[in-house]
Structure formats: structure tokens, C-alpha cells
Amino acid sequence: MDKCDLCLDPVNPIIWKNSKFRVVEIDDPSYSAYYRVEYIQHIKEMTDLDKDVRIELMNVVFVVESAIKIFYKPDKINLASLGNLTPHIHWHIIPRFYNDNHFPGTIWSQQKKFEKTKISDHTRNKLNTFISESLN
Ligand SMILES: [Zn+2]
């Protein structure tokens, strides 16, 4: 299959990667500490992966969720796998707060207001260090 946008190196920082997956920090002005775990090859559905690889993938997602829970302490963490626009399985891991721009809707629903979030460099470093050290 031809290369798509997600086959290329992302514009956003890669926090960790191996031969199968990568963790990318998404630059969204309204949602700090928002990450995406991407499967590097073209595979569309979770059930198209070998069982072992499914577990490996979800473990990467859970490490990212844990990092967000420990160091950013949101009111809720959303895990979402949509993939309607790309042939790569990927999981969005999104910290949510009761007063964020879309709560209780998804971040892709109608926006209720527009406020930027700003995470401190200290917290951001702790998150990213935890993720890369836990996965290495
Ligand atoms: Zn691709």
C-alpha cells in the first residue's frame, strides 16, 4: 500500500518508539498532555493484529494513561480509537477536565468555549520521562 501521512515522521514530537509502535505528543492548544499511540504499519483493526501484539499495543496505551493520571491528574482520561481517515491503528489518550472546552462531549464534539491549556515544562518532562523509561 502507498505511504500515507502517518507513515511519515510526525510533525509532533515522538516520545518513544520501537519497531511496531510510537508514542507521539499531540500539539493541541486546548489539550495539554494529549498523546497518540500509533501502529507503524498499515493495519486497520485491532482484530487484524496477532493477539500478542494487541496486548503489547494496549500496554503502551496503558503506560501513557498511567503517566497522565500520575503527573497531570485530570478528572477523566479518554481513550479513543477511530481511524476513519488513516489505515494505521492508533489510540488517542486525552486528559479531560470537567471545565474543559468540550466536557462532557468528546474533544471532536461541538466546542462550548475556547480556552488554551498550558502545562508546565516540569510536568511535561515528568510525563515524557515516565513514558519513555517505562517502555524501554
Ligand atoms: Zn501509512
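A residue is called buried here if 20 or more other C-beta atoms lie within 10 Å of its own, exposed if 12 or fewer do, and partly exposed in between, with the C-beta atoms placed from the backbone. This is a predicted model, in which local features need pLDDT of at least 70 and side-chain atom pairs count only at pLDDT 80 or more, while totals for chains, interfaces and linings use all residues. Residues are numbered from 1 along each chain as its sequence is written.

**View 1. Strand β2, with its residues pointing two ways.** Helices (H or I, at least four residues) and strands (E, at least two) are DSSP runs, numbered from the N terminus. In a regular strand the side chains alternate between the two faces of the sheet. From β2, Phe 21, Val 23 and Glu 25 point one way, whereas Arg 22 and Val 24 point the other way, and all are buried. Because five of the five residues of β2 are buried, this strand is largely enclosed by the rest of the structure.

View 2. Two strands are said to pair if DSSP finds at least two bridges between them. Five strands form an open sheet in the order β1-β2-β3-β5-β4, with antiparallel pairing. The edges are taken by β1 and β4 (76-80), each of which has a single partner strand, so one side of each is left without a neighbour in the sheet. On average, neighbouring strands of this sheet are turned by 15° against each other, direction ignored, where axes are lines fitted to C-alpha atoms, for helices over the stretch in contact, and angles in general run from 0 to 180 degrees between N-to-C directions.

**View 3. Bridges from strand to strand.** A hairpin joins β1 to β2 through three residues, and these two strands pair in the antiparallel sense over three bridges, with Val 23 in β2 as the bridge partner of Trp 16. Between β2 and β3, which run antiparallel, there are five bridges, and Val 24 stands opposite Arg 36 in β3. The antiparallel pair of β3 and β5 has four bridges, and here the bridge partner of Glu 38 is His 90 in β5. Five bridges join β4 to β5, again antiparallel; Ile 77 stands opposite Pro 95 in β5, and Leu 79 has Ile 93 in β5 as its bridge partner.

**View 4. The largest nonpolar core.** A nonpolar core is a set of buried Ala, Val, Leu, Ile, Met, Phe, Trp, Tyr and Cys residues joined through C-beta atoms within 7 Å. The largest such core has 24 residues, of which Val 23, Val 37, Val 60, Val 64, Ile 93 and Ile 131 touch the most other members. At least two residues of this core come from each of β1 (14-17), β2 (21-25), β3 (35-39), α1 (51-71), β5 (90-96) and α2 (121-135), and α1 gives the most, with seven residues. Two residues are in contact if their C-beta atoms, placed from the backbone, lie within 7 Å. Leaving aside its neighbours within four places in sequence, Val 37 is in contact with Phe 21, Val 23, Leu 57, Val 60, Val 61, Val 64, His 90, Trp 91 and Ile 93.

View 5. Helix α1 has 21 residues and reaches 30 Å from its first C-alpha to its last, close to the 30 Å expected at 1.5 Å a residue, a span taken as 1.5 Å times one less than the number of residues. Its buried residues are Leu 57, Val 60, Val 61, Val 63, Val 64, Glu 65, Ala 67 and Ile 68, and what covers them includes β2, β3, β4, β5 and α2. Helix α2 lies across β1 and β2, running at about 10° to β1.

**View 6. Backbone details in the loops.** Most residues other than glycine have a negative phi, and most peptide bonds are trans. Ala 33, in the loop between β2 and β3, has a positive phi near 60°, and this residue counts as buried because 24 C-beta neighbours lie inside 10 Å. Lys 73, in the loop between α1 and β4, has a positive phi near 50°, but this residue is exposed, with 11 other C-beta atoms within 10 Å. In the loop between β5 and α2 lies Pro 104, and the peptide bond from Phe 103 to Pro 104 is cis, with omega near 5°.
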